[in-house]
Amino acid sequence: MNRVIERTMIVPNMHLLTLEAPEIARKIQPGQFVIVRADDEGERIPLSVADWDIGKGTITIIFMEVGASTGVLAGLTAGDSVATCVGPLGNATTIGRFGTVMCVGGCYGIGSIYPVARELWYAGNEIIMVFEARSSYLIYWADRFVHRAAKIFTITRDGSLGMKGHITRLTDVIHALPKPPDRIIVNGCTYLMAHASEVTKNLGIPTVVNLNPIMIDGTGMCGVCRVTVGGTTKFACVDGPEFDGHEVDWKEFLARRKQYTNEETSYFRHSDPKPILHREGKCHS
Amino acid sequence: MSEEKQGKLDLNRHDMPKQSPEMRRHNFNEVALGYTQELAVAEAKRCLQCKKPKCRTGCPVEIDIPDFISYIVKGDFKSGIKKLKEKNCLPAVCGRVCPQESQCESQCILKNKGAEVAIGRLERFLADWEATQGEVDIPLKAARTGKKVAVVGSGPAGITVAGDLILLGHDVTIFEALHKAGGVLIYGIPEFRLPKAIVAREVEYVKKLGVNVITDYVVGKTRSIDELLKEFDAIFIGTGAGLPWFMNIPGENLNGVYSANEYLTRMNLMQGYRFPMSSTPIRKHAKVAVVGGGNVAMDSARTALRMGADEVRIIYRRSHSELPARAEESENAEEEGVIFNMLTLPVQYIGDENGWLREIECLKMELGEPDASGRPRPVEMPNSNFKMKMDAVVCAIGNSPNPLVPSTTPGLETTRHGTLVANPETGKTTRDRVWAGGDIVTGAATVILAMGAGRKAARSIHEFLTTGKQ
Ligand SMILES: Cc1cc2nc3c(=O)[nH]c(=O)nc-3n(C[C@H](O)[C@H](O)[C@H](O)COP(=O)(O)OP(=O)(O)OC[C@H]3O[C@@H](n4cnc5c(N)ncnc54)[C@H](O)[C@@H]3O)c2cc1C
Ligand SMILES: Cc1cc2nc3c(=O)[nH]c(=O)nc-3n(C[C@H](O)[C@H](O)[C@H](O)COP(=O)(O)OP(=O)(O)OC[C@H]3O[C@@H](n4cnc5c(N)ncnc54)[C@H](O)[C@@H]3O)c2cc1C
Ligand code: SF4
Ligand code: SF4
Ligand code: FES
């Protein structure tokens with residue numbers, strides 16, 4: 001049982017959840033995740049950790065309400081608790097002195113890439129931040145990046161802020177720089193990571209992604225999280241979640257993520273009707 | 001054996017009532033219903049009370065079998081269960097899942113008459129009887145020693161170590177990665193073979209003895225063994241063999257191809273069969289193939305039937321007589337309608353344009369010379385390829401130890417199979433103050449062997465904690 005310290009919707013459909021988890025806070029590194037079970041009947045869902053406070057013994061998650069489990073989490077308030085919060089799981093994002101690192105965040109990935117950008121900045125890298133969203137009002141935490149990022153770009157699909165269009169406009173962002181970044185890190189929904197990797201592969205820029213397959217245990221026991229990287233099968237929970245975006249078999253990955261779409265939607269037919277209010281925030285995955 | 005005893009030989013082994021195959025393949029309730037009191041006493045009476053009981057030599061924890069059986073004959077079930085528990089702290093589990101036909105019962109003197117005493121069923125009877133008696137007696141605990149022991153993993157090995165050491169007066173904390181304690185007993189073995197309420201009861205029991213059970217705690221991640229050693233005087237590692245093997249054949253990552261661990265975990269730990277009442281989905285498939293021939297394969301196949309599949313096949317590369325599963329379980333599976341494709345090896349999985357499994361391609365095999373395991377080696381028959389339409393494949397070809405703890409613990413030596421190096425008599429590993437036992441040491445084995453290893457390790461840990469010797 002982990003106590004909820006705070007749960008707020010920070011932009012439509014996107015929630016911030018701070019949980020009491022002192023042992024995890026002490027151990028967590030950028031890029032790692034936890035598995036959360038909202039209640040005793042709950043599904044185990046993996047969520048990246050977007051921030052933590054060792055002193056207070058808390059961790060913060062940014063999650064998007066997409067289905068039943070995140071729906072339950074979205075209904076929590078301070079003082080409630082979740083049945084499970086286990087971690088930190090997965091490997092930390094590789095931190096090194098790369099030179100210029102472009103951090104691309106969309107959807108919940110704006111939150112999860114924040115500690116990565118912070119750590120890379122501490123390590124002496126120049127940070128270029130790219131936000132991707134449907135519309136400007138879905139971008140959050142921009143202030144957190146301001147004093148660490150040398151430059152901030154924004155791509156919105158409706159053009160309400162920055163460049164108008166899809167993540168494929170990343171090419172234009174890169175061309176707008178005096179020289180291409182030495183490394184690109186992408187966090188967020190699967191399409192964002194897949195398309196960004198496609199763009200950067202053509203440009204030949206090393207790109208890492210934090211994969212988000214379906215998981216159960218998160219410790220290498222079930223194999224549901226397997227992904228083909230460079231022709232070999234990896235378990236994302238223990239071998240990743242960070243992988244070389246140019247080596248991931250994205251077609252297989254996208255198919256595997258949809259394994260339970262039918263069942264997940266039938267859940268809504270069976271459970272109490274619960275209106276999902278802010279659907280406009282849903283990304284295209 | 002005396003003459004007069006031979007005269008009274010009763011060769012009528014009593015069957016245990018079961019749900020009928022037609023009925024049980026549609027529900028998740030326990031298949032075997034257990035002996036009634038009358039049946040138990042009748043079966044117990046068949047035991048010859050051998051002076052040198054051979055059955056005992058077949059039990060890895062050397063239960064005093066004739067002795068506990070004699071209490072059933074007398075109707076003194078309380079003393080019977082007490083006797084049993086001296087050696088086996090999980091009788092309700094072992095009575096159900098031990099491979100008795102190759103252990104205790106295989107050695108029974110009546111075996112050569114084809115009528116071995118049903119030791120496992122009697123064991124189960126006593127344990128189930130005890131459960132109906134309300135509160136279980138809590139044995140007397142030794143005075144507290146102030147020593148602290150951490151047990152990593154809550155499978156049968158870990159539960160045994162914890163139960164033994166708490167009674168000896170030590171403080172014991174179990175750390176379990178999943179949200180429920182019990183190991184394979186809770187996440188792997190299905191409800192219809194081992195009701196989860198029984199496992200929960202055993203876990204409650206060690207808690208009642210005073211063991212602190214911390215779930216949702218991954219040792220090697222949340223804290224390392226070295227960090228635990230700062231707080232605890234000794235550590236027992238019982239993390240099992242939870243890493244699923246795949247065959248590395250084309251198409252293995254198609255949707256619809258599962259590891260048995262995934263399939264069974266969704267069903268058991270996450271209660272997927274109750275979806276959408278529970279919240280973890282499991283897909284209903286019409287045609288399911290299960291690759292492998294052990295208990296894990298039988299459990300997966302029978303689960304698929306109960307999920308409503310029309311056709312479930314076991315695909316095994318050797319023949320019927322080499323099936324590693326308990327005889328009772330493969331018979332149950334067959335009765336329920338599982339089809340056995342023996343001497344068959346999948347070589348490729350073929351999917352549709354959306355990435356879902358549609359067909360599996362197999363090769364026919366024949367048996368050759370015995371291999372290292374002593375079993376005939378399956379040899380591929382050239383050009384014998386054929387295809388079967390299938391919606392799902394469950395891969396149940398084996399598991400090896402999860403490397404998480406060994407890889408985060410410097411100095412903890414492993415074998416080339418990934419198992420931990422440990423003294424077979426004491427469970428002592430290559431690290432100071434660290435013991436191990438169960439599947440993490442032996443590779444995937446049995447509940448009773450894991451328990452036995454736990455017991456030996458507990459003895460050795462106790463010796464260390466009281467004398468400093470390790
Ligand atoms: C390492 C990792 C880190 C992640 N970090 C975050 C994060 O920080 N914030 C965030 O909002 N989301 C994150 N996700 C995705 C998150 O786990 C899913 O959004 C969540 O499981 C959906 O659960 P649901 O029951 O609400 O939706 P469901 O009704 O279960 O499904 C909705 C959609 O989510 C997908 N999905 C279902 N179950 C899972 C699962 N176990 N894992 C991944 N996808 C699933 C399905 O394909 C479906 O399309 C992460 C995933 C991984 C693997
Ligand atoms: C489907 C199936 C059917 C079986 N049927 C039979 C049968 O009929 N008869 C029989 O005798 N045997 C059977 N077995 C085998 C038997 O279950 C195992 O041999 C036995 O459970 C091993 O016990 P253990 O204590 O070593 O490990 P496990 O039972 O595997 O328990 C290990 C525990 O450690 C936890 N763990 C792992 N890593 C960590 C970590 N880093 N931190 C914290 N916790 C961790 C795991 O989550 C797990 O709960 C079967 C196995 C399976 C999978
Ligand atoms: S523990 Fe297993 S092997 Fe030993 S007597 Fe009981 S059923 Fe037989
Ligand atoms: S060998 Fe058979 S008959 Fe003899 S004591 Fe054991 S169970 Fe009884
Ligand atoms: S989530 Fe089960 S192995 Fe990765």
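Modeller: Let me begin with a definition: Ala, Val, Leu, Ile, Met, Phe, Trp, Tyr, Cys and Pro count as nonpolar, Asp, Glu, Lys and Arg as charged, and the others, Gly among them, as polar. Please also keep in mind that this is a predicted model.

Colleague: Thanks! How many nonpolar, polar and charged residues does the shell around ligand 4 have?

Modeller: The residues around ligand 4 are B:Cys47, B:Leu48, B:Cys50, B:Pro53, B:Cys55, B:Pro66, B:Cys108, B:Ile109, B:Val117 and B:Ile119. Cys, Leu, Pro, Ile and Val count as nonpolar. By class, then, the shell around ligand 4 comes to 10 nonpolar, no polar and no charged residues.

Colleague: And how do things look around ligand 2? How many nonpolar, polar and charged residues are in its shell?

Modeller: There are 35 residues around ligand 2, and B:Val97, B:Glu176, B:Arg193, B:Val219 and B:Asp439 come nearest. Of these, Val belongs to the nonpolar class, while Glu, Arg and Asp belong to the charged one. Over its whole shell, ligand 2 has 19 nonpolar, 11 polar and 5 charged residues.

Colleague: Which helix of chain B gives the most to the shell around ligand 2?

Modeller: Three helices of chain B each supply at least two residues of that shell: α10 (156–167), α15 (295–306) and α19 (447–467). With 3 residues, the one that gives the most is α15(B).

Colleague: I'd like to know about the polar atoms around ligand 2. What percentage of the accessible area of ligand 2 does the protein cover?

Modeller: A polar side-chain atom of B:Glu176 lies 2.6 Å from an oxygen atom of ligand 2. Backbone N or O atoms come in too: one of B:Ala157 lies 2.9 Å from a ligand 2 oxygen, and one of B:Gly183 lies 3.5 Å from such an oxygen. Of the 1,000 Å² of accessible area that ligand 2 has on its own, the protein covers 94%.

Colleague: Which residue of β14(B) is the bridge partner of B:Val291?

Modeller: B:Val291 stands opposite B:Ile315 in β8(B). β7(B) also pairs in the parallel sense with strand β14 (residues 392–395) of chain B, over 4 bridges. There, the bridge partner of B:Val291 is B:Cys395.

Colleague: Still in chain B, is B:Glu105 buried or exposed?

Modeller: B:Glu105 lies in helix α8 (residues 104–107) of chain B. A polar atom of its side chain lies 3.0 Å from the backbone nitrogen of B:Gly120. The cut-off for the class is under 20% relative accessible area; because B:Glu105 has 5% relative accessibility, this residue counts as buried.

Colleague: Over to chain A, then. Which side chain makes a polar contact with the side chain of A:Thr18?

Modeller: A:Thr18 has its place in strand β2 (residues 14–20) of chain A. With 9% relative accessibility, A:Thr18 counts as buried. At 2.9 Å, its partner in the side-chain polar contact is A:Thr60.

Colleague: What distance separates the C-alpha atoms of A:Val82 and A:Arg37?

Modeller: A:Val82 is found in strand β7 (residues 81–82) of chain A. A:Val82 counts as buried because its relative accessibility is 0%. A:Arg37 is 45 residues apart from A:Val82 along the chain, and the separation of their C-alpha atoms is 6.3 Å.

Colleague: Which residues of β13(A) are buried on each side?

Modeller: Strand β13 (residues 183–187) of chain A is mostly covered, with 5 of its 5 residues buried. Both faces are covered: on one side are A:Arg183, A:Ile185 and A:Asn187, and on the other A:Ile184 and A:Val186.

Methods:
Residues numbered from 1 in each chain as written. Chains lettered and ligands numbered in written order. Predicted model: local features only at pLDDT ≥ 70, side-chain atom pairs only at ≥ 80, totals over all residues. Heavy atoms only, no water. Near = heavy atom within 4 Å. Polar contact = N/O pair within 3.5 Å; in protein donor to acceptor, adjacent residues only side chain to side chain. Areas by Shrake-Rupley, 256 points an atom, 1.4 Å probe, with all protein chains shown as cover. Pairing = 2+ DSSP bridges. Buried < 20%, exposed > 50% of the residue type's maximum accessible area, 1.4 Å probe, protein only.
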